[in-house]
Amino acid sequence: INHIISPNNESTNEENFYTIDLNVKDSNNIYESFSSFCEDEYIQVDSCNSIKYTKIIKAPPILVIHLKR
């Protein structure tokens with residue numbers, strides 16, 4: 001689920017996925033990389049400060065993880 005919260009709007013986008021680009025630079029292990037992947041991200045939407053976050057509700061039977069260095 002991709003979720004964006006702003007003062008004037010809230011948006012949720014649920015989509016199926018089979019690959020994840022996971023940043024491993026500056027992480028000690030894959031668990032830290034997954035935590036970073038799911039952290040809140042502060043962005044500008046329509047000149048408003050907004051929060052975007054990603055949550056994995058159910059992983060697919062086969063998941064391809066691309067490790068970005």
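This note sets out numbered points on a predicted model of one chain.

1. Basis. Residues are numbered from 1 along each chain as its sequence is written, and side-chain values use heavy atoms, with hydrogens and water left out. Because the model is predicted, local features need pLDDT of at least 70 and side-chain atom pairs count only at pLDDT 80 or more, while totals for chains, interfaces and linings use all residues.

2. Confidence. The average pLDDT of the chain (the predictor's confidence in each residue, from 0 to 100) is 88, and 99% of the residues score at least 70.

3. Overall content. The chain has six strands and one helix (DSSP runs numbered from the N terminus: helices are H or I with at least four residues, strands are E with at least two). Read along the sequence, these elements follow the pattern β-β-β-α-β-β-β. The C-alpha trace spans about 35 × 30 × 15 Å along its principal axes. Of the 69 residues, 13% count as buried (buried is under 20% relative accessible area, exposed over 50%, partly exposed in between, with a 1.4 Å probe and protein chains only).

4. Four strands form an open sheet in the order 2-1-5-4, with antiparallel pairing (two strands pair if DSSP finds at least two bridges between them). Strand 2 (10-13) and strand 4 stand at the edges with a single partner strand each, so one side of each is left without a neighbour in the sheet. From one strand to the next the twist averages 25° (axes are lines fitted to C-alpha atoms, for helices over the stretch in contact, and angles run from 0 to 180 degrees between N-to-C directions).

5. Strands 1 and 2. These two strands form a hairpin with four residues between them. They run antiparallel and are joined by four bridges. Within the pair, N2 stands opposite N13 in strand 2, and H3 stands opposite T12 in strand 2.

6. Strand 5 and its partners. Strand 5 (residues 48-54) is joined to strand 1 (residues 2-5) by four bridges, and the two run antiparallel; I5 has I51 of strand 5 as its bridge partner. Strand 4 (residues 41-45) is joined to strand 5 by five bridges, again with antiparallel strands. In that pairing, E41 has K52 of strand 5 as its bridge partner. The hairpin of strand 4 and strand 5 has two residues between the strands, and D46 in this hairpin takes a positive phi near 50°.

7. S50. This residue is found in strand 5 and, at 2% relative accessibility, counts as buried. S50 and N28 are 22 residues apart along the chain, and their C-alpha atoms are separated by 29 Å.

8. Strands 3 and 6. Strand 3 is joined to strand 6 by five bridges, and the two run parallel. I20 stands opposite I65 in strand 6. In a regular strand the side chains alternate between the two faces of the sheet.

9. D26. Most residues other than glycine have a negative phi. D26 is found in the loop between strand 3 (19-23) and helix 1, and is exposed, with a relative accessible area of 75%.

10. Nonpolar surface patch. I30, Y31, I65 and L67 form a nonpolar patch on the surface, with about 400 Å² of accessible area together. Patches are made of residues with over 30% relative accessible area and no salt bridge, with like charges joined within 9 Å and nonpolar side chains (Val, Leu, Ile, Met, Phe, Trp, Tyr) within 5 Å. A salt bridge here is a side-chain nitrogen of Lys or Arg within 4 Å of a carboxyl oxygen of Asp or Glu. Accessible areas come from the Shrake-Rupley method with a 1.4 Å probe, and for residues only the protein chains shown count as cover. Helix 1 (30-37) and strand 6 (64-68) each supply at least two residues of the patch. I30 is found in helix 1 and is partly exposed, with a relative accessible area of 38%.
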